[in-house]
Amino acid sequence: TGNHRVQKFNASSGAWLAKAGSLGSGGTQLTQPAAVMADSTGVLVADTINHRLRVYDALLNPVVDYEGFNTRIGSMREPAALAPTPDGRTLVLERAGCRLQVLVRDDVAPVTTVSGVPATPSREATLVFTAIDPGSGIDATYVRADGVTQTMSGPVAFSAEGTHTVSYWSVDLVGNTESELTTQVVIDLPPPTGTVTVNGGAAYTNSVTVTLASSVEGASQMRFAVDASPTAGWEPYVAASTVVLPSTDGTHTVFAEYRDVAGNVLALQDDIVLDRAGPAAVTGLSSSTHPPAVPSWGPVELAWNAASDPSGVAGYALSYDENRFGVPLGSITTTATTYTFPDMGTGERWAHVRARDIAGNWGEVAHLAISALSDTTDPVTTISGTSVDVTSQTVTLSLAATDTISGLDGVFYRR
């Protein structure tokens with residue numbers, strides 16, 4: 001007691017083996033230790049003035065202390081005497097505490113279980129850890145998730161994409177440490193969702209450069225390819241982008257892939273037909289009001305055969321002028337195969353017709369010669385064959401009218 005230390009000797013030879021302690025309360029120090037118990041696994045010392053029990057291993061290395069100058073069970077107030085019981089427990093007499101406590105030897109580590117681990121990949125998971133120690137009780141439970149260790153204070157939630165490795169173990173109040181246990185939590189978030197269209201969903205195009213319009217939720221990156229799966233590097237996601245088609249006419253498929261931050265990929269595709277050849281010249285262009293080489297007056301009624309094209313015909317553009325090789329400009333004039341121009345002057349005129357396909361290509365121009373007359377001269381009417389019947393008191397007149405250009409529509413008189 002007075003040397004404030006514990007020494008160890010060989011029971012057979014009496015040879016000194018080790019010592020622990022010096023006057024004080026910190027580290028390995030002791031103050032007037034009053035009692036000691038030992039076995040092959042270690043030493044229990046009543047460190048009286050420091051109000052604690054100190055446990056050493058067989059080499060007199062400190063393992064754990066039971067201390068605390070209060071009345072709580074497990075705390076110590078001047079422990080002064082130790083005594084073993086036949087059933088393996090230890091009696092501790094407290095001088096200042098005026099009580100006798102019973103210590104149960106605890107050499108068994110805690111047992112920790114976990115619940116809430118999904119059996120299959122899940123969008124989220126919450127793990128609950130439960131530790132049991134029938135001896136001294138649980139001091140702490142530790143959880144290491146993805147390399148980060150924390151003291152467990154409640155359920156542990158996982159929501160980040162990927163495979164999470166989780167290790168866990170508990171330590172009891174006398175320092176028994178459970179071997180680490182390991183489980184895995186696989187979080188699999190859904191891939192991006194959305195749509196993509198080429199040129200707004202158009203079936204045909206006459207340009208090798210097309211526009212992709214996408215609306216993809218959850219995408220952070222994208223990549224494209226034409227007529228094959230994408231293999232190029234990823235680029236940041238934007239809603240609109242351009243892709244260049246091969247130069248050969250025909251159906252081409254644009255493949256698009258969209259990836260989220262977790263690596264989930266949404267694959268989409270859309271087809272479009274490249275058509276850069278316009279329709280052939282329309283056939284059967286004629287005028288029912290202006291037969292060939294017959295000068296005629298009035299509106300010019302035209303008709304022609306319907307054009308054909310792989311992408312379909314969107315309509316026809318027409319013009320009427322004095323140019324033998326005129327070309328209709330601008331937009332579609334009509335979607336029908338007939339059209340009428342008003343009377344537009346005298347002389348040799350030309351009607352021009354060309355078709356445009358759905359892809360936007362203009363076809364060759366068909367021309368029709370028109371011999372047009374303009375009638376600005378009034379008809380000439382004459383009166384002849386006047387006769388008078390005195391008896392019946394009637395007068396008979398004969399009217400004759402002529403119009404050498406457009407002809408007569410009718411002869412009218414007023415009396």
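Trainee: Is Arg144 buried, partly exposed or exposed, and what is its relative accessible area?

Mentor: In this predicted model, Arg144 is partly exposed, with a relative accessible area of 26%.

Trainee: Which residue does Arg144 form a salt bridge with?

Mentor: Arg144 forms a salt bridge with Glu180, and the closest N and O atoms of the two are 2.9 Å apart. The pair links distant parts of the chain, since Arg144 sits in strand 12 (residues 138-145) and Glu180 in the loop between strand 15 and strand 16 (181-187), 36 residues apart. Glu180 is partly exposed, with a relative accessible area of 42%.

Trainee: How many salt bridges does the structure hold?

Mentor: The structure holds eight salt bridges.

Trainee: What about Arg349, which residue is its salt-bridge partner?

Mentor: Its partner is Glu322, with the closest N and O atoms 3.0 Å apart. Arg349 is buried, with a relative accessible area of 13%, whereas Glu322 is exposed, at 58%.

Trainee: Switching to rings, how many aromatic pairs are there?

Mentor: The count comes to seven aromatic pairs. Among them, Phe129 and Tyr168 form a tilted pair, 5.3 Å centre to centre with 55 degrees between the planes, and the pair links strand 11 (residues 125-132), which holds Phe129, to strand 15 (residues 162-172), which holds Tyr168, 39 residues apart. Phe129 is buried, with a relative accessible area of 6%, and Tyr168 is buried as well, at 8%.

Trainee: Why is the pair of Trp304 and Tyr316 edge-to-face?

Mentor: The ring planes of Trp304 and Tyr316 stand at 70 degrees, with the centres 5.4 Å apart, so the pair is edge-to-face, because planes over 60 degrees apart count that way. Trp304 and Tyr316 are both buried.

Trainee: Last topic, which residues make the nonpolar surface patch?

Mentor: Ile383, Leu397, Leu399, Leu408, Val411 and Tyr413 make a nonpolar surface patch of about 630 Å². Tyr413, placed in the segment after strand 33 (394-402), is exposed, with a relative accessible area of 67%.

Notes:
Residues are numbered from 1 along each chain as its sequence is written. This is a predicted model: local features need pLDDT of at least 70, side-chain atom pairs count only at pLDDT 80 or more; totals for chains, interfaces and linings use all residues. Side-chain values use heavy atoms; hydrogens and water are left out. Rings of Phe, Tyr and Trp (its six-membered ring) pair if their centres lie within 6.5 Å; planes under 30 degrees apart count as stacked, over 60 as edge-to-face and the rest as tilted. Helices (H or I, at least four residues) and strands (E, at least two) are DSSP runs, numbered from the N terminus. Buried means under 20% relative accessible area, exposed over 50%, partly exposed in between (1.4 Å probe, protein chains only). Patches are made of residues with over 30% relative accessible area and no salt bridge: like charges are joined within 9 Å, nonpolar side chains (Val, Leu, Ile, Met, Phe, Trp, Tyr) within 5 Å. Accessible areas come from the Shrake-Rupley method with a 1.4 Å probe; for residues, only the protein chains shown count as cover. A salt bridge is a side-chain nitrogen of Lys or Arg within 4 Å of a carboxyl oxygen of Asp or Glu.
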